Amino acid sequence: MILEDAYVSFLIEHDITQNQYLLLHLAHKKRWDLVKKYKDKFPAGDDTMIGEYFINDLIKKEFLKRDAGGNLG
């Protein structure tokens, strides 16, 4: 169940989209299987789940990091 007030407030406070939040949530839970499933159904056009622009935005905001191999974590 989603707590709408907290959810929308978090998105606004951190200036992120719903898709960015979903990626963060799945990465936190290490559900890479669901990331693949999502990007197979809704391709971003660049072999990522939400597009490099939005991923780089999360990196810039320090929500995500890339490891030495370039993988998200």
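This is a predicted model: local features need pLDDT of at least 70, side-chain atom pairs count only at pLDDT 80 or more; totals for chains, interfaces and linings use all residues.
1. Met49 and Ile50 lead us on to the largest nonpolar core. This core has 13 residues, and Leu23, Met49, Ile50, Leu58 and Leu64 are those with the most contacts inside it. Helix 1 (4–14), helix 2 (18–28) and helix 4 (52–60) are the elements that give two or more residues to the core. Helix 2 provides the largest share, with four residues.

2. Which residues does Leu23 touch, once those up to four places away in sequence are not counted? The list is Val35, Met49, Ile50, Ile55, Leu58, Leu64 and Leu72. Three of the names to look for here, Met49, Ile50 and Leu58, are also among the residues with the most contacts inside the core.

3. Please take a moment with helix 2 as a whole. Its buried residues are Gln20, Leu23, Leu24, Leu26 and Ala27. These buried residues pack against helix 3 and helix 4.

4. Now for the pairing of helix 2 with helix 4. Two packed helices are described by the angle between their axes and the distance between the axes. Here the angle is about 65°, and the axes of helix 2 and helix 4 are 10 Å apart. Angles of 65 to 115 degrees count as roughly perpendicular, and helix 2 and helix 4 are therefore roughly perpendicular to each other. The crossing in which helix 2 passes helix 4 is right-handed.

5. Who makes that contact? Helix 2 contributes Gln20, Leu23 and Leu24, while helix 4 contributes Phe54, Ile55, Asp57 and Leu58.

6. Gln20 deserves a point of its own. Apart from neighbours within four places in sequence, Gln20 is in contact with Asp15, Ile50, Phe54, Asp57 and Leu58. Of these partners, Phe54, Asp57 and Leu58 belong to the helix 4 side of the contact described above.

7. Next, a look at the backbone. Most residues other than glycine have a negative phi. Lys30, however, has a positive phi of about 55° although it is not a glycine. Lys30 follows helix 2 and lies in the loop between helix 2 and helix 3. With a relative accessible area of 62%, Lys30 is exposed.

8. Glu62 sits in the segment after helix 4. Its relative accessibility is 71%, and exposed means over 50%, so Glu62 counts as exposed.

9. Begin with Leu23, one of the residues with the most contacts inside the core, and then find Gln20, which is buried in helix 2. From there, follow helix 2 onward to Lys30, whose phi is positive.

Technical notes: Residues are numbered from 1 along each chain as its sequence is written. Side-chain values use heavy atoms; hydrogens and water are left out. A nonpolar core is a set of buried Ala, Val, Leu, Ile, Met, Phe, Trp, Tyr and Cys residues joined through side-chain atoms within 4.5 Å. Buried means under 20% relative accessible area, exposed over 50%, partly exposed in between (1.4 Å probe, protein chains only). Contact means heavy atoms within 4.5 Å. Axes are lines fitted to C-alpha atoms, for helices over the stretch in contact, and angles run from 0 to 180 degrees between N-to-C directions. Angles under 35 degrees count as roughly parallel, over 145 as roughly antiparallel, 65 to 115 as roughly perpendicular and the rest as oblique. A crossing is left-handed if the near helix is turned anticlockwise from the far one by less than a right angle, and right-handed if clockwise.
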